[in-house]
Each structure stands twice: as structure tokens, then as C-alpha cells.
Amino acid sequence: MCLSGRGLSGLGSGQAAGYSLEELAQWVTEYRLKVCHWFTVDVFDHLRRGGRVSAAAAVLGTALQIKPLLHVDEAGRLAVVEKPRGRKQAIKAQLARMEQGWMPELGSTVMVGHGDCAEGAHMLEEAICAQFPTADIVTADIGPIIGAHTGPGMLAVIYWGSTR
């Protein structure tokens, strides 16, 4: 029963639920570390330009088809967690992280974000549906701000979970 594009579910939005400003601030504080996100980039050029990797590492990583699995940790730092080779292995790594921590009781919505990579996003959607049939998938292009840091080909999976 994997659904695609239905919208948000689970915790709902604070204002729509009738929360006051104080209640909404408390809700955000309580749940902010429950938003899990794992993303991978296609090439290292944008990470190099942003000072995240050296020029040598960017050339080598791109040549070896490494698709680093990244996320922003609880301290707010960008962290490389794994270095899978190839798109399929990167998607498997994203799904493995989701399997470790997804909490559908908080919300069944799973966001698939992509940087001008509709084909990759579709592969990720299909893999999520196969492994997590109750997921409510919403797919969206990423914006230019994040895209400037990640470049085209970025794939992200975002969900409510226990392990950020």
C-alpha cells in the first residue's frame, strides 16, 4: 500500500492543529532531532567548491563512482557516514539507515528529494515502496540553495525516525 504524492501525515502541522506559538515552539524543540535525512551526491565538484573535500579527493571519488552517504548530525555538522560505490549501492545504504530508525508511528510520510535527477528519485521511490509498503512518499526537487552545495544528481530520503 505504498502511496506516492499524497501529502503529509502523522504529526501534522502545528498551526493546523491549533497550537499556540509557545506550543508550536515546544513541539519543534521536542521533535527537531526526529527528522532523519540521508543524502548522496552524484559528483564531488560542489563539495570541493564548498571546501568539504580536497581537489584530489574530489577527482578520485568521482573517478571511483563513490556516492558518499551524508547527513547533518545532532551537532549540526555535515558528516560522511559511508562511501558506497554507484547509485544502487548508495540507495541501499539510504534504505539500511531508514530501516534502522524509521518510526512510522510518528508519521508515515517519507520525502524523496532530488537535484535534477528524476530517474534516480524514481529508483529510490521504488526501493522504498518495496521495503516499506506503508510509506506515504512525497517527491520534490530540491531548491537552488541546497543544490548549490550538492549539485545535480543529489538524492535524499527524509523521514521521522529515532536515529538521526
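1. First, the term: a pocket here is an open set of points on a 1 Å grid over the protein atoms alone, with protein on both sides within 12 Å along at least five of seven lines, and lining residues have an atom within 4 Å of a point. This is a predicted model, with local features needing pLDDT of at least 70 and side-chain atom pairs pLDDT 80 or more, while totals for chains, interfaces and linings use all residues. Residues are numbered from 1 along each chain as its sequence is written, and side-chain values use heavy atoms, without hydrogens and water.

2. On to the largest pocket: 22 residues line it, and Phe39, Ile146, His149, Thr150 and Met154 lie nearest its centre. Helix H6 (144–150) is among the elements giving two or more residues to that lining, and H6 has the largest share, four residues. Helices are DSSP runs of H or I with at least four residues, strands runs of E with at least two.

3. Now the aromatics. The whole structure has four aromatic pairs, meaning ring centres within 6.5 Å, with planes under 30 degrees apart called stacked, over 60 edge-to-face and the rest tilted (Trp counts by its six-membered ring). Trp27 and Tyr31 have ring centres 5.3 Å apart and planes at 35°, so that pair is tilted. Both sit in helix H1 (residues 21–31), four residues apart, about one helical turn. Together with Trp160 they form one aromatic cluster.

4. Trp27 comes out buried at 17% relative accessibility (buried is under 20% relative accessible area, 1.4 Å probe, protein chains only). Tyr31 is buried too, at 19%.

Definitions and conventions. 1 Å grid on protein atoms, 1.4 Å probe; cavity = no way out; pocket = protein on both sides within 12 Å on 5 of 7 lines; lining within 4 Å. Buried < 20%, exposed > 50% of the residue type's maximum accessible area, 1.4 Å probe, protein only.
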